[in-house]
Amino acid sequence: MALFHCSFLYSLSSVDSGLQRWNRVIKRRVSQGNPDQAILAYVEMKRVGFHADNFTFPVLLKAASSLSSCCIGFALHGQAMKTGFSGHCFVGTALLDMYSAFGAIDHATKVFEEMGVKDVVVWNSMLAAYASCGQMDNAMKLFDNMPLKDLASFNIMISGYAKIGRKAAARSIFDRIHAKDIVSWNSMILACTNVGDMGNARNLFDVMPKKNVITWNTMISGYLHAQLYAEAVDLFDEMKAGNHEADHLTVTLVLSACAHLGWLGKGTEMHVYAQDHRLASSPHVATSLIDMYAKCGTIQRSLEVFYKSQVKDIYCWNAIISGLALHGYGHAAVKLLDKMRDNGIRPDEITFIGLLSACSHGSLVQEGCRLFDCMEKEFGLPPKLEHYGCMVDLLGRAGFLDPAFQLIKAMPFEPGESILGALLGACVIHQDLETGEKVINLITSKAHHVSDGEFMMFVNLYASCGQWKEANRWRERMNESGIAKTAGGSTIEVDGKFYRFLAGDISMDQDLHSGSN
């Protein structure tokens with residue numbers, strides 16, 4: 001603090017000292033991404049006898065938002081009221097934005113109602129506050145009562161409806177705009193992709209007059225969430241062919257699509273693209289590369305990317321731990337926890353999912369139990385349902401079936417289908433009829449209906465234990481309920497095109513023989 005004090009006295013002793021100088025210093029601190037330093041500058045400014053004005057408060061309120069500090073925000077609001085600046089248009093708008101960022105919509109509404117003069121910017125800020133917290137009915141009432149609307153007003157409404165999945169309402173606002181800008185089009189496309197309507201999203205995409213990187217990313221992300229991974233990659237190829245500039249998010253999305261497809265060739269091509277366009281150094285891209293190479297079966301490449309990465313954030317560490325777990329390198333994954341802590345990175349819930357999964361795949365029962373116990377004791381992370389699922393899988397794989405069942409009964413969550421299915425699968429493998437029947441009773445007592453997968457597990461359990469009569473009884477119950485076993489499928493890549501095969505489907509076989517795609 002002493003050094004800080006001296007540096008400020010030196011900077012402010014030169015010509016042009018005074019309030020404007022302080023305002024510039026505070027604004028520079030915020031623009032440089034140092035909101036805490038901006039607040040300290042304000043404290044020092046008050047100490048030497050200067051008081052904030054209608055230019056100071058908006059910047060300080062933005063700093064409080066960046067720090068997510070309600071305490072600082074409330075204190076600044078109080079000082080703005082005390083000095084008479086809270087009713088100023090700039091300050092009032094900044095207060096609205098700050099309370100919106102805090103999710104304190106009631107405080108934002110009170111500030112709005114108490115403001116005397118409201119220009120279109122103030123109305124839009126209140127509109128955005130409602131939209132950001134999903135209160136679109138209130139937003140619509142405000143929108144209808146606005147004395148003057150601009151294009152931003154319409155775009156806020158479209159974006160708000162897109163966020164909560166109300167595509168038809170977004171479209172009704174979109175169609176009322178006479179001169180749409182790129183934000184209007186992007187928001188409407190987002191409204192379609194958020195509900196999985198990729199057909200209409202693509203139609204809008206094709207007819208819009210101008211596209212930017214956000215447009216392309218929205219479409220690629222939409223294909224990804226709709227599990228249309230090949231279409232996501234194809235769209236990137238179209239983007240590249242049109243000489244449109246991609247960013248780190250584009251590369252991250254396409255790498256995720258490659259990971260889901262297991263398309264190593266395209267993933268490697270994306271790696272080269274990222275390097276050529278100076279995007280490979282992004283921690284987001286590095287994380288996606290690690291994940292892609294691991295899921296495409298080349299863990300060595302994942303390790304190369306990890307160790308060459310200059311900036312390793314928590315996501316990067318989690319990706320390599322999960323990758324090692326996927327490939328069965330349990331000891332290597334667990335060792336990374338210590339290296340992670342040595343580098344000043346604190347593990348989170350995702351880290352422990354990766355570590356417990358690594359122990360499960362590597363049959364490290366004692367190590368897995370130790371990690372599970374230390375989650376809350378050492379790191380203050382209460383185990384979630386996913387962590388219990390990993391432990392049930394770990395114990396089940398190792399043949400500790402009764403302890404796994406007791407853990408399910410003791411955990412503070414309702415067991416989901418995946419956890420019970422994992423234990424039942426382990427009972428089939430280890431031919432443990434006693435524990436398996438306990439799991440069956442648990443499934444049938446909790447479920448409103450039994451899925452095809454669960455029915456088949458019941459059949460397999462009794463068949464594995466030689467209980468053929470009981471196995472046939474469950475198969476007959478499945479047939480009587482009208483549930484059909486979901487057909488298995490597989491996907492192959494041929495010359496950059498993907499073909500999906502379903503068990504019992506002869507159409508693809510005929511297509512391939514006839515040379516059709």
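How far is the sulfur of Cys 296 from the closest cysteine sulfur? The distance is 7.0 Å, to the sulfur of Cys 258, which is too far for a bond. The model is a predicted one, in which local features need pLDDT of at least 70, side-chain atom pairs count only at pLDDT 80 or more, and totals for chains, interfaces and linings use all residues. Residues are numbered from 1 along each chain as its sequence is written, and side-chain values use heavy atoms, with hydrogens and water left out.

A disulfide is a covalent bond between the sulfur atoms of two cysteines. The criterion here is a pair of cysteine sulfur atoms within 2.5 Å. A search of the whole structure finds zero disulfides. Cys 374 is in none; its nearest cysteine sulfur, in Cys 359, is 10 Å away. Cys 374 counts as buried, at 8% relative accessibility. Cys 296 is also classed as buried, at 16%. Buried means under 20% relative accessible area, exposed means over 50%, and partly exposed lies in between (1.4 Å probe, protein chains only).

Next, the overall build. The protein has 30 helices and two strands. These are DSSP runs numbered from the N terminus: helices are H or I with at least four residues, strands are E with at least two. The C-alpha atoms fill a box of roughly 90 × 55 × 50 Å along the principal axes. Of the 517 residues, 44% are buried. Among contacts (heavy atoms within 4.5 Å) with a separation of 6 or more, 57% join residues 24 or more positions apart.

Helix 7 spans residues 105-114. Its buried residues are Ile 105, Ala 108, Thr 109, Val 111 and Phe 112. They cover an arc of only 160 degrees around the axis, which puts them on the same side of helix 7. The arc is that of the directions from the helix axis to the C-beta atoms. The buried residues pack against helix 5 (70-82), helix 6 (89-102), helix 8 (120-132) and helix 9 (136-145). The face turned away from the buried side carries the exposed Asp 106, Lys 110, Glu 113 and Glu 114.

Helix 21 covers residues 330-342, with Gly 330, Ala 333, Val 334, Leu 336, Leu 337 and Met 340 buried. These residues fall within an arc of 145 degrees, so they line one face of the helix. Their cover includes helix 19, helix 20 (314-326), helix 22 (349-361) and helix 23 (365-379). His 331, Lys 335 and Asp 342 are exposed on the face turned away. Gly 344 follows helix 21, with a positive phi near 80 degrees.

On a 1 Å grid over the protein atoms alone, a pocket is an open set of points where a 1.4 Å probe fits, with protein on both sides within 12 Å along at least five of seven lines; lining residues have an atom within 4 Å of a point. The second largest pocket has a volume of about 220 Å³. Helix 17 (264-276), helix 18 (283-295) and helix 19 (299-308) each give two or more residues to its lining. Helix 19 gives the largest share, three residues. The lining residues include His 271, Leu 289, Glu 304 and Lys 308.

Last, Thr 252 sits in helix 16 (residues 248-261). Thr 252 is buried, with a relative accessible area of 17%. Beyond residues up to four places away in sequence, Thr 252 touches His 284, Val 285 and Ser 288.

How values were computed: Points joined across faces, edges and corners; volume = space filled by probe spheres on them.
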